[in-house]
Amino acid sequence: MLVNKTLEKKFGDKVSDDEVNKAYKDIENQYGGEKQLEEVVSMYGYNDLASYKKSIKQNLLVQAMVKDSINLSDKEYQDYFDNMVDFDLIQLDDENKAKEIISKINKGEKFEDLAYENSLDTYTSSSGGKVGLTDLRNTDTYNSQLMEAVSKLKNGELSKEPVKTDYGIFVIKVNNNLKESDAKLEDYKEQIDEYVLNEKSQNSEYVQSLLSKLLKEYDVKVVDEDLKDALKSFNLDGETKTSDSKSTTESSK
């Protein structure tokens, strides 16, 4: 409650009710309606949809806080640009199946259709295998073996052989390696900003450090003896350092 109130005080003007309602409606549509969404959120411990909507607002407030902390330099923009690739993937558990899919794509079948029907990757299968614009240096979502294979493909190129990694077998297709294309940095700054925002918003250590700074800024303290440890995790008595290390709970594909 203290964290939410402090977030609201600092960033409440940056998150409108319309934004919260839109985010809620998008999720409701994704699950096929209010009744289906209610069943899903109850499985995650929410008492009702109203409490779930409050959590959506909290997430948007956290995003506003993270966005406020980001100020990329020209060099950082360039570094991201030089390492960002838009690619698609299909994850499988059988090498022969992967070879069969590569053959089908080369004969004219659509990558997205085959991804939807066959991919084991829950993040991308429903969108036809689209990973989107991703930093090749980020190996927390997809491991270094896969990212190295992606970096070796030219724009529009499909992997000739299945890419074998410790976390599965992949068929990959590169749509756009920014550094290797005619793309201009200025045209991609907005997408880079969005990528960095999402990346840092999912970094639990980074978010925790920002919340600690925010609570210190507003001099938030617990005076009730029974609740003295309520904010212990925010290290309000010690020095807080902003960390860019990744959350250990993120996917390590």
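Student: Which helix holds E34?

Tutor: In this predicted model, E34 sits in helix α3, which covers residues 34-43.

Student: And how do I read its exposure: is E34 buried, partly exposed or exposed?

Tutor: Go by relative accessible area: under 20% is buried, over 50% is exposed, and partly exposed lies in between. E34 comes out at 47%, so it counts as partly exposed.

Student: Which residues form the negative surface patch?

Tutor: For a patch, the general idea is to take residues with over 30% relative accessible area and no salt bridge, and to join like charges within 9 Å. Here E34, E38, E39 and D48 make up the negative one.

Student: Let's move to T124. Where is T124 found?

Tutor: Look in the loop that links α7 (111-118) to β2 (130-135).

Student: What does the side chain of T124 make a polar contact with?

Tutor: For a polar contact, you look for a pair of N or O atoms within 3.5 Å. In this case the partner is the side chain of D121, at 2.7 Å.

Student: Zooming out, how many helices and strands does the protein chain have?

Tutor: You'll find 10 helices and four strands. Reading from the N terminus, the order is α-α-α-α-α-β-α-α-β-α-β-β-α-α.

Student: What share of the protein chain is made up of buried residues?

Tutor: Of its 253 residues, 40% are buried. As for extent, the C-alpha atoms fill a box of roughly 70 × 50 × 35 Å along the principal axes.

Notes: Residues are numbered from 1 along each chain as its sequence is written. This is a predicted model: local features need pLDDT of at least 70, side-chain atom pairs count only at pLDDT 80 or more; totals for chains, interfaces and linings use all residues. Side-chain values use heavy atoms; hydrogens and water are left out. Patches are made of residues with over 30% relative accessible area and no salt bridge: like charges are joined within 9 Å, nonpolar side chains (Val, Leu, Ile, Met, Phe, Trp, Tyr) within 5 Å. Accessible areas come from the Shrake-Rupley method with a 1.4 Å probe; for residues, only the protein chains shown count as cover. A salt bridge is a side-chain nitrogen of Lys or Arg within 4 Å of a carboxyl oxygen of Asp or Glu. Lys and Arg count as positive and Asp and Glu as negative; His and the chain ends are not counted. The place of a charge is taken as NZ of Lys, CZ of Arg, CG of Asp or CD of Glu. Helices (H or I, at least four residues) and strands (E, at least two) are DSSP runs, numbered from the N terminus. Buried means under 20% relative accessible area, exposed over 50%, partly exposed in between (1.4 Å probe, protein chains only). A polar contact is a pair of N or O atoms within 3.5 Å; within protein, one must be able to donate a hydrogen and the other to accept it, and residues adjacent in sequence count only if both atoms are side-chain atoms.
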